[in-house]
Amino acid sequence: MSITTSTTEQLADEFDSPARLLTAEGVRVRHEILDEHVADLDLQQLADLYTDMVLVRRFDTEAFSLTRQGELALWPPLLGQEAAQVGSARALEDRDWSFGSYREHALPILRGVDIDRWLKVWKTTSNTAWDPHEHNIGLNQIIIGAQTLHAVGYAMGAQFKQDDSCSIAYFGDGATTEGDVSEAMVFASTYNAPVVFFCQNNGYAISEPTSVQAKHVLARRASGFDIPAYRVDGNDILAVLAATRLAMHRARTGHGPSFIEAVTYRMGPHTTTDDPSRYRENDEVESWKERDPLLRVERFLESEGFNVEQLRADAKTNADALAKQLRAGAIAIQPDPAEQMFDNVYSSPHARIERQRAEYKAFAASYEKAAS
Amino acid sequence: MSAAQTETMAMGKAINAALADSLEEDPSIILSGEDIGQLGGVFRVTDGLQDRFGKDRVLDSPLAESAIVGTAVGMTYAGLRPVVEIQFDGFIYPAFDQIVAQVAKLQYRTGGLHRMPITIRVPFGGHIGSVEHHSESPEAYFAHTAGLRVVTASSSQEAYSTLRAAIKSDDPVLFFEPKAKYWSKGEVDRTVVRDLETAAVLQSGRDVTLATYGPTVELAMGAAAAAADEGIEIEVIDLRSISPLDVDTVAASVRRTGRLVVAHESQAECGIGSELITSICETAFTSLEAAPERVTGYDIPYPPAAWEGEFLPGVDRLLDAVDRTLGRKNSRDFMRGGAAA
């Protein structure tokens with residue numbers, strides 16, 4: 001397998017326009033390097049990926065609505081990034097670990113985390129979205145870029161234990177300027193760690209366009225660390241899947257880290273509290289609607305004679321069921337007794353915290369008694 | 001088990017032995033830090049460990065403190081128990097975010113579903129006559145952070161046994177090593193087991209309680225010996241654990257002595273002394289016969305080392321504070337215009 005990393009010329013060619021296998025119009029185009037990594041994919045498998053994206057989008061929009069309706073405290077929508085997240089997630093083996101940021105909703109959905117438990121985080125009744133060891137997913141990170149070091153550390157550990165699992169670090173365009181991300185790439189490079197840096201360049205870090213973070217394409221950062229990089233159309237699930245499979249293959253076969261820049265677009269606000277009209281034009285948002293990650297798969301399948309009508313209907317049925325479950329779960333969440341806030345700070349009971357727990361309980365009891 | 005044998009070791013050697021015995025005992029332990037491999041560390045504390053345990057267990061890391069700690073966090077997900085070294089106290093701040101926002105909080109964030117068995121070794125303190133950033137005592141920053149354990153040691157034995165306990169703990173532990181004591185020799189019995197939260201009464205006395213930790217313990221013992229010549233009995237407590245503080249042991253002592261002096265190299269403001277004195281006021285106020293006193297570094301940046309002897313607590317400043325609690329003539333008498341009567 002040839003990998004375009006060895007020369008600057010190749011990088012420059014590759015980066016001028018993101019690599020693409022499926023155009024916005026739904027036309028399958030050839031790509032010298034990526035094609036072989038999706039050669040096994042038949043139409044039904046592509047349809048399954050489409051169904052995944054529908055599911056993820058429905059989940060995301062439902063959570064967004066629930067937040068606007070006051071049922072959740074906050075939600076960072078992934079709308080527009082379904083191909084980037086689903087395509088990369090489907091390139092992983094179950095034993096591979098993922099370390100992502102707060103917007104990475106697809107992998108937890110696809111790996112079947114307990115939604116009711118997860119949503120507690122977004123209703124602020126818990127910090128624990130899932131059991132990391134049950135799903136091989138580190139808890140989504142809020143500190144920008146911090147998780148990239150955890151992904152590299154995991155990969156170093158896996159390499160040390162020779163257990164054949166790899167890791168993927170998800171982060172955004174804004175994170176690429178954090179020191180931790182550069183440090184993560186240094187460690188990954190010098191230890192040849194089996195890790196994939198998956199950067200979703202969705203155009204904005206809250207309000208700041210990517211041009212504030214870099215004067216060059218982000219994928220070019222990786223060459224400074226001698227890490228091979230791919231820049232793909234992040235709204236093209238085939239290209240994302242192929243590039244991530246390639247990168248995971250490199251990691252698993254001892255070739256070390258890779259960097260993928262998936263060029264996509266955050267269709268929604270940063271979070272439910274954000275107002276994008278203050279920093280970007282509606283025309284720009286409209287122009288990305290035509291590049292929708294789901295639409296192009298529909299168009300392609302249609303052109304191949306696939307029954308898209310049926311696919312759409314089936315996917316919607318699945319997605320609606322998930323949304324219903326999500327809504328019921330979110331509304332039902334009640335805070336646990338506040339005394340639990342003292343739990344799990346340390347691995348065993350801690351004298352100072354236990355004293356404060358006792359003081360808190362006494363205070364609460366006295367207050368209740370006085371009130372009754 | 002055969003009778004315990006003791007060996008004479010400098011503190012640096014005792015730490016080396018604790019690391020070696022841990023590496024020997026548990027294959028999931030891995031060491032990472034700047035210059036700890038080939039060189040054996042800038043203080044030679046890790047000397048020989050890479051030769052003995054291999055380059056994949058004793059990593060000469062790139063120069064990036066945040067990454068040294070951050071990758072250690074990732075290693076715990078792979079089932080490893082990393083022991084990392086921050087080369088000097090004043091170099092720890094680039095790792096502050098990973099320590100405070102990740103290492104300290106991950107057990108809480110995961111509701112106890114993931115443990116954080118990371119030990120962060122930090123040479124700290126002054127008395128080595130070095131340049132800026134090489135003599136600081138940043139322990140209070142970390143004691144202020146829930147989820148971390150912060151410990152130190154005052155002798156070879158304490159260093160060996162406490163580091164062994166730190167590495168065995170499922171909690172993250174910052175182990176502050178008094179670098180000025182690296183070459184001080186003491187007896188080490190490798191079978192001695194320590195916990196990570198109790199203080200030790202090193203010397204009993206009925207007049208004043210003097211509580212301190214790390215590099216200042218030896219000075220406190222010196223002060224106690226000097227005071228004894230004047231018929232004053234100082235009870236010396238080695239706090240050992242900075243977080244949590246063993247308030248019970250100090251309070252029990254203060255109930256006997258009625259007087260408390262707390263000493264450390266780091267500054268006074270929001271320091272360990274502030275916390276301990278407040279805790280004693282809360283728990284043993286009626287036993288106090290005098291206001292508790294602090295002897296600390298002054299509230300200035302660590303000064304040029306030519307002045308560190310004046311900046312750091314010394315035996316005379318400890319005794320001066322003892323005199324204050326006893327109402328004896330002391331340096332403060334010189335603050336109110338003119339010499340004392």
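Colleague: How many cavities of 30 Å³ or more does a search of the whole structure find?

Modeller: It finds 5 cavities of that size. Keep in mind that this is a predicted model.

Colleague: How do you look for empty space at all?

Modeller: You roll a probe the size of a water molecule over the atoms, and that shows where empty space is left.

Colleague: How much space lies in the largest cavity?

Modeller: About 60 Å³.

Colleague: And which residues line the largest cavity?

Modeller: From chain A, the lining has Phe99(A), Gly100(A), Gly138(A), Leu139(A), Gln141(A), Gln147(A) and His150(A). From chain B, it has Tyr77(B), Leu106(B) and Arg109(B). Two elements, α7 (146-161) of chain A and α5 of chain B, each supply at least two residues of that lining.

Colleague: How do the lining residues of the largest cavity divide by class?

Modeller: There are 4 nonpolar, 5 polar and 1 charged.

Colleague: What about the second largest cavity, how much space lies there?

Modeller: About 40 Å³. The residues that line the second largest cavity are Gly40(B), Gly41(B), Val42(B), Phe43(B), Val45(B), Thr46(B), Glu85(B), Arg121(B), Pro123(B) and Tyr182(B). That lining divides into 5 nonpolar, 3 polar and 2 charged.

Colleague: Switching to pockets. How much space lies in the largest pocket?

Modeller: About 1200 Å³. The largest pocket is lined by 46 residues.

Colleague: Which residues lie nearest the centre of the largest pocket?

Modeller: Ala140(B), Ala143(B), His144(B), Thr145(B) and Ile272(B).

Colleague: And which elements give two or more residues to the lining of the largest pocket?

Modeller: Chain A has α14 (351-371). Chain B has α6 (139-143), β12 (241-243), α9 (247-257), β13 (260-267) and α10 (272-284). The element that gives the most is α14(A), with 5 residues.

Colleague: How does the lining of the largest pocket divide by class?

Modeller: 23 nonpolar, 13 polar and 10 charged.

Colleague: Now the interface. How many residues does the contact take from chain B and from chain A?

Modeller: It takes 45 from chain B and 38 from chain A. The two chains bury about 3400 Å² between them. Of that area, 60% is on carbon and sulfur atoms. Tyr77(B), Tyr108(B) and Leu113(B) supply 20% of what chain B buries against chain A, more than any other three residues. Tyr77(B) also came up in the lining of the largest cavity.

Colleague: How many salt bridges are there between chain B and chain A?

Modeller: The count is 1 salt bridge. Glu275(B) pairs with Arg352(A), and their closest N and O atoms are 2.9 Å apart.

Colleague: Which elements give two or more residues to the side of chain B that touches chain A?

Modeller: β3 (58-60), α3 (65-77), α4 (96-103), α5 (106-109) and α10 of chain B. The largest share, 10 residues, comes from α3(B). By class, that side of chain B has 18 nonpolar, 16 polar and 11 charged residues.

Colleague: How many salt bridges over all chains?

Modeller: The count comes to 49. One of them joins Glu354(A) and Arg357(A), with the closest N and O atoms 2.9 Å apart. Both residues lie in helix α14 of chain A, 3 residues apart, about one turn of the helix.

Colleague: Last topic, the backbone. Is the peptide bond from Ser243(B) to Pro244(B) cis or trans?

Modeller: That bond is cis, with omega near 0°. Pro244(B) sits in the loop between β12 and α9 of chain B.

Colleague: And what is phi of Asn192(A) near?

Modeller: Near 50°, a positive value in a residue other than glycine. Asn192(A) is in the loop between α8 (179-190) and β3 (195-201) of chain A.

Colleague: Why mention those two?

Modeller: Because most residues other than glycine have a negative phi, and most peptide bonds are trans.

Methods:
Residues are numbered from 1 along each chain as its sequence is written. Chains are lettered from A and ligands numbered from 1 in the order in which they are written. This is a predicted model: local features need pLDDT of at least 70, side-chain atom pairs count only at pLDDT 80 or more; totals for chains, interfaces and linings use all residues. Side-chain values use heavy atoms; hydrogens and water are left out. On a 1 Å grid over the protein atoms alone, a cavity is a set of points where a 1.4 Å probe fits but cannot get out, and a pocket is an open set with protein on both sides within 12 Å along at least five of seven lines; lining residues have an atom within 4 Å of a point. Grid points are joined across faces, edges and corners, and a volume is the space filled by probe spheres set on the points. Helices (H or I, at least four residues) and strands (E, at least two) are DSSP runs, numbered from the N terminus. Ala, Val, Leu, Ile, Met, Phe, Trp, Tyr, Cys and Pro count as nonpolar, Asp, Glu, Lys and Arg as charged, and the others, Gly among them, as polar. Contact means heavy atoms within 4.5 Å. Buried area is the accessible area (1.4 Å probe) that two parts lose on being put together, summed over both. A salt bridge is a side-chain nitrogen of Lys or Arg within 4 Å of a carboxyl oxygen of Asp or Glu.
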